[in-house]
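Work through the exercises below with the model open. Try each task before reading its solution.

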Amino acid sequence: RAFIMPVGGPSDPAGAWLDEGQPQHWLLLLLSLRAPWFLSSAVLLSMRLRVTGSIAAPQQSSETDTPPAGGGISIPTIFAPMIACSVAVCLPSIYTLYTSYMNDQRRGAFPSVLEQYRRIVARKCLYVAALRIIFFVFLMQKLEGNLQWPYRIVCLPLWTQVLVVLTMLHTSIKQLNDDMCERAFKKQNTWSEIHLVASLFLSMKIDGTLPWSWA
């Protein structure tokens with residue numbers, strides 16, 4: 001059996017080495033594609049901006065019951081593809097965990113380091129996907145005017161992703177005592193740190209607490 005190392009960012013749903021001999025893995029990898037989902041949201045956003053000039057919901061006048069025009073595209077509609085993407089990328093991780101535990105029951109043996117690593121990364125992907133969905137829900141409510149929280153609070157789920165990754169790195173991954181697994185896990189999650197810094201600066205700038213210019 002030939003195995004390949006996972007490549008990609010922190011949301012790599014395959015989670016670990018994949019068996020190249022099984023065709024279903026390519027279906028799982030197709031589910032991990034995020035570009036079509038984000039492209040759909042970008043198209044919906046551009047259509048809304050063309051009509052309203054802003055993604056946020058306009059303030060509804062108290063003198064009329066007519067809702068403000070949004071080009072027929074609501075804010076939840078814009079975020080629906082990205083939420084669907086977060087759900088879709090969970091399926092390969094669920095499949096990985098299911099097949100791993102089923103194999104353990106058939107073999108009746110302690111899982112190998114490789115198998116344990118696959119489980120760890122699969123669980124990490126599920127945690128990150130759940131936090132990303134929570135962030136999208138918070139952001140939708142904020143843009144619709146239903147939340148008065150600052151954007152620093154809205155972005156908390158994004159920052160929690162990094163805490164999850166660091167916790168798993170210094171607990172589950174360290175317990176494997178395998179340098180190759182540790183390097184692979186760190187490489188996968190490099191972008192999480194960049195996302196953390198970017199979201200931190202962006203939220204502070206939008207909240208008006210960061211005096212830096214956009215340039």
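Buried means under 20% relative accessible area, exposed over 50%, and partly exposed in between (1.4 Å probe, protein chains only). This is a predicted model: local features need pLDDT of at least 70, side-chain atom pairs count only at pLDDT 80 or more, and totals for chains, interfaces and linings use all residues. Residues are numbered from 1 along each chain as its sequence is written, and side-chain values use heavy atoms, with hydrogens and water left out.

**Exercise 1. Describe the chain as a whole.**

Step 1. Take the elements as DSSP runs, numbered from the N terminus: helices are H or I with at least four residues, strands are E with at least two. The chain has nine helices and two strands. Read from the N terminus, their order is β-β-α-α-α-α-α-α-α-α-α.

Step 2. Turn to burial. Of the 215 residues in the chain, 38% are buried.

Step 3. Consider contacts (heavy atoms within 4.5 Å). Among those with a separation of 6 or more, 63% join residues 24 or more positions apart.

**Exercise 2. Classify the aromatic pairs.**

Step 1. Rings of Phe, Tyr and Trp (its six-membered ring) pair if their centres lie within 6.5 Å; planes under 30 degrees apart are stacked, over 60 edge-to-face, and the rest tilted. The structure holds three such pairs.

Step 2. Phe79 and Phe136 have ring centres 6.0 Å apart and planes at 45 degrees, so this pair is tilted. The pair links helix 3 (residues 75–88) to helix 5 (residues 113–143), across 57 residues. Both Phe79 and Phe136 are buried.

Step 3. For Phe138 and Trp149, the centres are 5.1 Å apart and the planes at 85 degrees, so the pair is edge-to-face. Phe138 is partly exposed at 23%, and Trp149 is partly exposed at 35%.

Step 4. Ring pairs also join Phe79, Phe135 and Phe136 into a cluster.

**Exercise 3. Which ring does Arg119 lie over?**

Step 1. Apply the cut-offs: NZ of Lys or CZ of Arg within 6 Å of the ring centre and within 35 degrees of the ring normal.

Step 2. Arg119 lies over the face of Tyr101, 4.1 Å from the ring centre.
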